[in-house]
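Please read them with the coordinates open beside you.

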Amino acid sequence: MLAGSDNTHPLSGGTDLAVAMRYGRVKPGLIVDLKAIPELAPSIEMADGLLAITANTVMTDLENDERIGKLLPALVEAARVVGSVQIRNRATLAGNLANASPAADTPPVLMALGATIVIHGPSGIRALSVDDFLVHYRTTALDPGELIVAVQIPMPARRSSSSFLKLGVRRAMEISVVCVGASIELDEDGSIVKAGLGLGSVAPVTLRPRNAEKLLVGNTASPELFAAAGDAAGGECSPIDDLRASGEYRKAMVPVLVRRALSIAQERSGVGV
Amino acid sequence: MKQIVLTVNGRKHSSIPRESFLLEVLRDHLELTGSKVCCLEGECGACTVIMDGKSVNSCLILAEEADGAEIITVEGLADEDLSPLQGAFLDNAAAQCGFCIPGQLMAAQALLDRNPSPSRAEVREALAGNLCRCAGYEQITDAVLDAARGPT
């Protein structure tokens, strides 16, 4: 049904689609309500080293899941700043990805955590990383007729943790000036085995600062190393001026937020602090 | 085509118009005008209703999505007397112009239903999506906390 026409829109939470329809930016010929598909019903499951979140799982489901709060704190931190409770009771994690806004809160965290997006379509099932899924400004790798069915996140290893920081003009109901997701895994000596970063509101698409990640891996976690990674990340982004902040300010804030997010993640991992 | 059926404040309604949003169904079709038309983009919360136990922006929900749902609007809070929450709003002079109050009440009621003794911070968080153009936030927060404490 989804593949039938260019003007068919999948709907789950509808918090973006409904606004676009109200303002006439989208005039769907047909809407397919994914909430009517039993396989996509809200569900958060842990199995085979993966946390699997189905497409109709909403932000408040994530916030209220104690397992996620403990294992993947960054995901809860990002989920709970998406709009209001009313929005989060409807808005889905999959929709936050599919909407592909560069200012979205959860994609930077999913990127940092190495999440995989599971897609079903007329030609079968495929899985993409967040950086391969988010192609460009408001553009995803979804082909006509394809749908996100689930988001899978690797369960964190021992001595690892994550964090999310958001800078906004006010505390609630806010689109980010800059937001950062960070995750690190350390060995028992405090050397970084794995590092993941994602940046929001600093480029046309959620940005993965690869140079900063490379700088971290293989080195011993320290405030100096985190500062250097922050500076590298600042150099990788290309923010614009808009009503919320200037590009220059955003670029200056990236190193600060990346450094802080990494420190918080290290603190939570319990290694070398 | 199957009819859309809604239960609103305990009463079942069918013949709900398609291609309409829940807010307009409530106001124009069922003549329950407590839920307000304001930003129409999920920013202000004036259209907040409780749908299957959760606070939602009725301006962002299609009638079809609400098929089979149990909805409570501000008109469903009081029976003969005002509800305890409404009474607390009155006692705390929480309504100034009053336009946002139906939405504030429904967001607050949904909070109290799932968390009967919220902290001040939890009240503020639950009502973050409800703007008050008179900026009466302190009185509104006080009222919700009073209602949670019960009659003194």
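1. Chain A is divided into domain 1 (2-12 + 39-154) and domain 2 (160-269), the bounds coming from an automatic or database domain assignment. The C-alpha centres of domain 1 of chain A and domain 2 of chain A lie 21 Å apart. This is a predicted model, in which local features need pLDDT of at least 70 and side-chain atom pairs count only at pLDDT 80 or more, while totals for chains, interfaces and linings use all residues. Residues are numbered from 1 along each chain as its sequence is written, and chains are lettered from A, with ligands numbered from 1, in the order in which they are written.

2. Between these two domains, 23 residues of domain 1 of chain A are in contact with 25 residues of domain 2 of chain A, where contact requires that the C-beta atoms of two residues, placed from the backbone, lie within 7 Å. On the side of domain 1 of chain A that touches domain 2 of chain A, at least two residues each are supplied by helix H4 (73-79), helix H7 (106-112) and strand S7 (134-136) of chain A; helices (H or I, at least four residues) and strands (E, at least two) are DSSP runs, numbered from the N terminus. The largest share of that side, five residues, comes from H7(A). By class, the residues on that side of domain 1 of chain A divide into 16 nonpolar, four polar and three charged, with Ala, Val, Leu, Ile, Met, Phe, Trp, Tyr, Cys and Pro counted as nonpolar, Asp, Glu, Lys and Arg as charged, and the others, Gly among them, as polar.

3. Further along chain A, helix H10 (residues 223-236) and helix H11 (residues 247-269) pack at an angle of about 145°, with their axes 8 Å apart; the axes are lines fitted to C-alpha atoms, for helices over the stretch in contact, and angles run from 0 to 180 degrees between N-to-C directions. H10(A) passes H11(A) in a right-handed crossing, the convention being that a crossing is left-handed if the near helix is turned anticlockwise from the far one by less than a right angle, and right-handed if clockwise. Residues making this contact include A:Phe226, A:Ala229 and A:Ala233 of H10(A) and A:Val254, A:Val258 and A:Leu262 of H11(A). The residues of the contact of H10(A) with H11(A) divide into nine nonpolar, three polar and three charged.

4. How many residues does each chain give to the contact between chains A and B? Chain A gives 16 residues and chain B gives 19 residues. On the side of chain A that touches chain B, the elements giving two or more residues are helix H1 (17-22) and helix H5 (85-88) of chain A. The residues on that side of chain A divide into six nonpolar, six polar and four charged.

5. For chain B, the domain assignment gives domain 1 (6-75) and domain 2 (84-149), and the C-alpha centres of these domains of chain B lie 20 Å apart. Here 14 residues of domain 1 of chain B are in contact with 13 residues of domain 2 of chain B. Strand S3 (48-51) and strand S4 (54-57) of chain B each supply at least two residues of the side of domain 1 of chain B that touches domain 2 of chain B, and the largest share of that side, three residues, comes from S3(B). That side of domain 1 of chain B divides into six nonpolar, six polar and two charged residues.

6. The axes of helix H2 (residues 84-91) of chain B and helix H5 of chain B come within 8 Å and cross at roughly 135°. H2(B) and H5(B) are therefore oblique to each other, given that angles under 35 degrees count as roughly parallel, over 145 as roughly antiparallel, 65 to 115 as roughly perpendicular and the rest as oblique. H2(B) passes H5(B) in a right-handed crossing. B:Pro84, B:Leu85, B:Ala88, B:Phe89 and B:Asp91 in H2(B) meet B:Ala143, B:Asp146 and B:Ala147 in H5(B).

7. B:Val144 has its place in helix H5 (residues 137-149) of chain B. B:Val144 is buried, because 29 other C-beta atoms lie within 10 Å, and a residue counts as buried at 20 or more such atoms, exposed at 12 or fewer, and partly exposed in between, with C-beta atoms placed from the backbone. Leaving aside neighbours within four places in sequence, B:Val144 is in contact with B:Ala108 and B:Val123.
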